[in-house]
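Keep the model open beside you as you read.

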Amino acid sequence: MTARRDDRVALALGAGGARGLAQIGVIEAIQARGLRIASVAGSSSGALVGGVFAAGKLAEFREGIEALDRGAFLRLLSDPALGDGGLFHGHRLVAAMRDVVGDPDIETLPIPFIAVAVDLRRQREVWLRRGPLWQALRASFAIPGLFTPAVVHGRELVDGGLLAPLPITATRLSDADRLIAVDMHGWPERPSGELPDETADNEGGHGLAGWIERRVRRHWPEHGEHAIGLTEVMARALDTMQAQIARVQLALDPPEIVVRIPRDACLFYEFWRAREVIEIGRVEADKALDAAGY
C-alpha cells in the first residue's frame, strides 16, 4: 500500500534511557514515508525526544547529542545532590539542552505534545500539557535515585516510565488516523540476550559507575562501598519493571504499528553512543513500516 499524504499519526514514545535516542531515527523514518505526525506523547527519554521534535528542533538536538562524548556527558552531571533525594540535580544537563532547543511553553508548540510523569505522593500518572517545556521534560526523565524529583505546581514528580513506560493512553486525546508506538524493550540482538558488559566501560574507574562511586565516597565515605554496581542494578531493575508494564499496555490497547528497539542496543546512560543508536531506530522503524505496508 502506498502511503497517502494525508495520513496523520500519533506517536507514543517509550522510556529507555539512552536507548530512547533511537526514537530520533524512528521519527526521521516516519517522516521519510510521507506520514504526518499529528501529536506526540512521551515518557522519560521518550518525552525528551518527543518534546524536542514537537518544538521543531530535532535536527539541532541531534547535531548536539551526536557531538557529545563520554567526558562531555559526565561534565553535565557535575551538580551532585546527595542527600536531596537523588544523586544529581540535573540543572547543567537541562541548561545545555535548553541552549539548543529554547524554552517554549508546551501549549505554544507547533505539534501537540504530552510529557508523562509520576506523582510520588499520589502514586499516579500525570500528563503535562501546559507550562514550560523543560520543566515538564525534567519531571518526565527524573529517574528515582539518579535525579532529584521535579516540583511542578507543588507536586513532586519523577520519571514517567515508572507507571507508563509506553504512554499509549496519553495519545488517545489525538484525532490522528493511527498510532505508532515505540517499545524500548524489544528482543535483544545479541545471541546471549545480555546487555553489554559494564566491566570494560568501568575498567580503571573511568565509566559512569566508577565516576558515581567516587562522588558517593567523597560525600558519604561511610557508605561508599554500596556504590559499586549501582548503575547496573538501577538500569536492570528499571528495565525489568518497564518491560513488563509495557507488555501489558500493548496487550490492553494495541496500536496499529509497533516499532521495537532491541533492549541491548546500549546501556541506559550511554548517551555518547547517539549516532549508532539513532541509526538502530531508523532501521527498526523501516522494518515496522515495511511490514505495515508503508
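Helix 10 (residues 230–252) gives the most to the lining of the second largest cavity, with four residues. Helices here are DSSP runs of H or I with at least four residues, strands are runs of E with at least two, and both are numbered from the N terminus. You are looking at a predicted model, in which local features need pLDDT of at least 70 and side-chain atom pairs count only at pLDDT 80 or more, while totals for chains, interfaces and linings use all residues. Residues are numbered from 1 along each chain as its sequence is written, and side-chain values use heavy atoms, with hydrogens and water left out.

A cavity is a set of points, on a 1 Å grid over the protein atoms alone, where a 1.4 Å probe fits but cannot get out; a pocket is an open set with protein on both sides within 12 Å along at least five of seven lines, and lining residues have an atom within 4 Å of a point. Grid points are joined across faces, edges and corners, and a volume is the space filled by probe spheres set on the points. The second largest cavity holds about 150 Å³ of space. It has 15 lining residues, and G16, G17, A235, D239 and F268 are the closest to its centre. By class, this lining has seven nonpolar, four polar and four charged residues. Nonpolar here covers Ala, Val, Leu, Ile, Met, Phe, Trp, Tyr, Cys and Pro, charged covers Asp, Glu, Lys and Arg, and the others, Gly among them, count as polar.

In the whole structure, a search finds four cavities of 30 Å³ or more. The largest cavity has about 220 Å³ of space. Of its 16 lining residues, L93, F141, I143, F147 and F271 lie nearest its centre. Helix 2 (45–54), helix 5 (91–101) and strand 6 (145–147) are the elements that each give two or more residues to this lining. The lining has 13 nonpolar, three polar and no charged residues.

Now follow helix 5, where L93, V94, M97 and V101 are buried (under 20% relative accessible area, with exposed meaning over 50% and partly exposed in between, for a 1.4 Å probe and protein chains only). These four cover an arc of only 90 degrees around the axis, so they lie on the same side of helix 5; the arc is that of the directions from the helix axis to the C-beta atoms. The face turned away from that buried side carries the exposed residues H91 and D99.

Next come the rings. The structure holds six aromatic pairs. One is edge-to-face because the rings of F141 and F147 have their planes at 70 degrees, with centres 5.8 Å apart. Rings of Phe, Tyr and Trp (its six-membered ring) pair if their centres lie within 6.5 Å; planes under 30 degrees apart count as stacked, over 60 as edge-to-face and the rest as tilted. Both F141 and F147 are buried. Elsewhere, F73, F268, Y269, F271 and W272 form one aromatic cluster.

Finally, turn to the largest pocket, with a volume of about 230 Å³. Among its 16 lining residues, I111, P112, F113, I114 and R129 lie nearest its centre. Strand 2 (36–43), strand 4 (113–119) and helix 7 (168–171) each give two or more residues to the lining, and strand 2 has the largest share, three residues.
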